[in-house]
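Trainee: I have a model to go through. Can we take the metal site, then the ligand?

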Amino acid sequence: MDDCIFCKIVDGQIPSKKVYEDEDVLAFHDINPAAPIHILVIPKKHIAMLTELKEEDEMLIGKIYTTINKIAKQEGFEKQGYRVITNCGKDSGQEVMHIHFHILGGKILGDKIVG
Ligand code: AMP
Ligand code: ZN
């Protein structure tokens with residue numbers, strides 16, 4: 001997508017602090033971290049949001065989660081735990097319309113909404 005900032009990060013037109021990359025998935029540090037660990041994990045394919053997911057994307061989204069697991073090991077925060085959040089649409093406050101998975105950690109995440 002031409003005017004999508006995360007597609008531009010995938011293309012290298014906008015710089016990012018990369019944490020992980022393979023042919024399908026990219027992870028980079030959030031520019032405005034909400035916690036000591038704040039990494040965004042995205043599919044390279046442009047999918048605007050959860051409601052745009054198709055059956056053909058099921059493998060890709062599964063891969064996102066196994067990649068999150070890899071990143072947690074690689075970055076050394078697997079044991080201490082973390083939270084994964086995806087905003088979808090207006091009520092969630094989603095700002096970037098390229099689906100992404102926030103990994104948050106590095107502190108006690110006391111602001112639990114669910115559970
Ligand atoms: P959301 O509100 O779920 O759409 O989250 C969008 C996230 O993208 C926010 O946490 C922003 O700080 C982050 N963000 C926006 N632009 C960039 C960028 N160029 N590099 C890294 N993170 C970004
Ligand atoms: Zn995009």
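Trainee: Which arrangement do the four donor atoms around the zinc ion (ligand 2) make?
Mentor: Bear in mind that this is a predicted model. The four donor atoms subtend angles of 106 to 115° at the zinc ion (ligand 2). Four donors count as tetrahedral if all angles lie between 85 and 135 degrees. These angles therefore make the arrangement tetrahedral.

Trainee: Which residues coordinate the zinc ion (ligand 2), and how are they spaced in sequence?
Mentor: The donors are Cys4 (SG), Cys7 (SG), His46 (ND1) and His98 (ND1). They coordinate the zinc ion (ligand 2) at 2.0 to 2.3 Å. Written along the sequence, the spacing is C-x2-C-x38-H-x51-H.

Trainee: Is Cys4 buried or exposed? And Cys7?
Mentor: Buried means under 20% relative accessible area. Cys4 has 6%, and Cys7 has 9%. So Cys4 is buried, and Cys7 counts as buried.

Trainee: Now ligand 1. Which residues are the closest to ligand 1?
Mentor: Ligand 1 takes up the space of the largest pocket. There, 16 residues surround ligand 1. The closest are Asp30, Asn87, Glu95, His100 and His102.

Trainee: What share of ligand 1 does the protein bury?
Mentor: Start with the contacts to oxygen atoms of ligand 1. A backbone N or O atom of Glu95 lies 2.7 Å from one, and a backbone N or O atom of Val96 lies 2.9 Å from one. A polar side-chain atom of His102 lies 2.8 Å from an oxygen atom of ligand 1. Taken alone, ligand 1 exposes 510 Å², and of that the protein buries 84%.

Technical notes: Residues are numbered from 1 along each chain as its sequence is written. Chains are lettered from A and ligands numbered from 1 in the order in which they are written. This is a predicted model: local features need pLDDT of at least 70, side-chain atom pairs count only at pLDDT 80 or more; totals for chains, interfaces and linings use all residues. Side-chain values use heavy atoms; hydrogens and water are left out. Donors are N, O and S atoms within 2.8 Å of the metal (3.2 Å for Na, K and Ca); water is not among the atoms, so sites may look incomplete. Four donors count as tetrahedral if all angles lie between 85 and 135 degrees; four count as square planar and six as octahedral if opposite donors are over 155 degrees apart and all others between 65 and 115; anything else is irregular. Buried means under 20% relative accessible area, exposed over 50%, partly exposed in between (1.4 Å probe, protein chains only). A residue is near a molecule or strand if one of its heavy atoms lies within 4 Å of it. A polar contact is a pair of N or O atoms within 3.5 Å; within protein, one must be able to donate a hydrogen and the other to accept it, and residues adjacent in sequence count only if both atoms are side-chain atoms. Accessible areas come from the Shrake-Rupley method with a 1.4 Å probe; for residues, only the protein chains shown count as cover. On a 1 Å grid over the protein atoms alone, a cavity is a set of points where a 1.4 Å probe fits but cannot get out, and a pocket is an open set with protein on both sides within 12 Å along at least five of seven lines; lining residues have an atom within 4 Å of a point. A molecule sits in a cavity or pocket if more than half of its atoms lie within 2 Å of its grid points.
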